[in-house]
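Please look over the sequence and the 3D structure below before reading on. The report that follows is meant to be read beside them.

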Amino acid sequence: MQPQTGSRRKFLSGAAAGAAALGFPAVAPAQTPITLRFQSTWPSKDIFHEFAMDYARKVNDMAGGQLRIEVLPAGAVVKAFDLLDAVSAGTLDGGHGVVAYWYGKNTAVALWGSGPSFGMDANMVLAWHEYGGGKELLEEIQKAMGVNVVSLMYGPMPTQPFGWFKRPITKAEEMKGVKFRTVGLAIDMYSAMGAAVNALPGGEIVPALDRGLLDGAEFNNASSDLALGFADVSKICMLQSFHQSAEQFEVLFNKDRYNSLPDHLKHLLRYAAQAASADMSWKACQRYSQDYVTLQNERKVKFYKTPDSILQLQLKIWDEMIERRSAENPLFKKVLDSQRAFAQRVGKWYGDTQVNYRMAYNHYFAATSKS
């Protein structure tokens, strides 16, 4: 029998056409992924940098080889507080941080987490951002700031400690003259208590405490504080504060770079932030609680509840401060008015419907709890 080459070629080409018509997947040629150069505002040992890596991993896993985020720690390209300008200019494609770090450009951005947020927790502030007008207001503020960025807000943070000190703070007067680290609008709050405030990035706080340049400081949570070495320079931490009781993270992209991506990849970046928000909340419950125990049992840190008199003073100071800042900055007032309207409705619903979880906790664990 003679080979029928022509017939075979016809058959193969016909079969390929038939497969395409039936929707069988074709083998796509290999493609080079779009790479986004990304820096966090956190040291590599901080759990916050891990959260930045978690977001990038979600994007990379879902992008199917089309997009890849490469994450660098603070200082790899620019200093932590210079990230916004670097992303806006295109020196970096994106980054991970908090909007309070950009407080010096427009005080209104610090309202995404600084202060009592009219009784909202961090998840409620994120709800306001997504569904109550916050997203649009942030875009308006960024336009006024003249920055070329896209911000994705995610990751509700638990209430942050009042601070680490040399001895317990029993009344507000003991803050007078204390050299203290905080950021954003919390600077106004601690300054009004009489502290001498110095805003420093996370990686610089403990060295400053060690050298005596600071007497006290706040950063964020048990895991970060343990990793950064707070327990090496202090054994006293005051828990609970209204200075940053509802903060969240920001994933930042250069707007031109972001807009150049295909629509499906832009959607992927946004939805990955939502997925990372939930994941971060779950991981924080696990890791923060473990490290809280480690700080007490292994590092011999004593935790104290901030006195109610100080918390009440914080609210009074905040009211005076936001009145002054609103008069100075119309965008500040616009954000406050939006948050207040949302908080009044959502806070009532939440407070009326949520059960007292502490009651159940005490029922089961009060006899063994040391807190």
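This is a predicted model: local features need pLDDT of at least 70, side-chain atom pairs count only at pLDDT 80 or more; totals for chains, interfaces and linings use all residues.

Residues are numbered from 1 along each chain as its sequence is written, and side-chain values use heavy atoms, with hydrogens and water left out.

## The whole protein

The protein has 14 helices and 11 strands. These elements are DSSP runs numbered from the N terminus, helices being H or I with at least four residues and strands being E with at least two. Along the principal axes, the C-alpha atoms fill a box of roughly 105 × 50 × 45 Å. Of the 371 residues, 48% are buried. Buried stands for under 20% relative accessible area, exposed for over 50%, and partly exposed for values in between (1.4 Å probe, protein chains only). Among contacts (heavy atoms within 4.5 Å) with a separation of 6 or more, 78% come from residues 24 or more positions apart.

## Two domains

Domain 1 covers 34-155 + 246-288, and domain 2 covers 163-243 + 300-349; these bounds come from an automatic or database domain assignment. Taken over C-alpha atoms, the centres of domain 1 and domain 2 are separated by 22 Å. Contacts between them involve 35 residues of domain 1 and 37 residues of domain 2.

## Strand β9 and its partners

Two strands pair if DSSP finds at least two bridges between them. Strands β5 and β9 run antiparallel and are joined by 3 bridges. Strands β9 and β11 (residues 302-305) run parallel and are joined by 4 bridges. C237 in β9 stands opposite W164, and C237 also has F303 in β11 as its bridge partner.

## The listed binding site

Which residues does UniProt list for "binding site"? The unreviewed entry gives Q160, R181, E218 and Q244. They span 85 residues in sequence, yet no two of their C-alpha atoms are more than 13.5 Å apart, so they gather at one spot. The lining of the largest cavity includes Q160, R181, E218 and Q244. A cavity is a set of points, on a 1 Å grid over the protein atoms alone, where a 1.4 Å probe fits but cannot get out, and lining residues have an atom within 4 Å of a point. The UniProt positions are given in the numbering used here, feature names are shortened, and annotations may be inferred rather than shown by experiment.

Leaving aside neighbours within four places in sequence, Q160 is in contact with residues including E218, Q240, H243 and Q244.

| Residue | Loop | Relative accessible area |
|---|---|---|
| D93 | between α3 (83-89) and β3 (94-97) | 14% |
| Q160 | between β4 (149-156) and β5 (163-165) | 1% |
| Q244 | between β9 (236-239) and β10 (248-254) | 1% |

Is D93 buried or exposed? At 14% relative accessibility, D93 counts as buried. The side chain of D93 reaches the backbone nitrogen of R37 at 2.8 Å. Not counting residues up to four places away in sequence, D93 touches T35, L36, R37, V87, L252, F253, N254 and R257.

Terms used:
A polar contact is a pair of N or O atoms within 3.5 Å; within protein, one must be able to donate a hydrogen and the other to accept it, and residues adjacent in sequence count only if both atoms are side-chain atoms. On a 1 Å grid over the protein atoms alone, a cavity is a set of points where a 1.4 Å probe fits but cannot get out, and a pocket is an open set with protein on both sides within 12 Å along at least five of seven lines; lining residues have an atom within 4 Å of a point.
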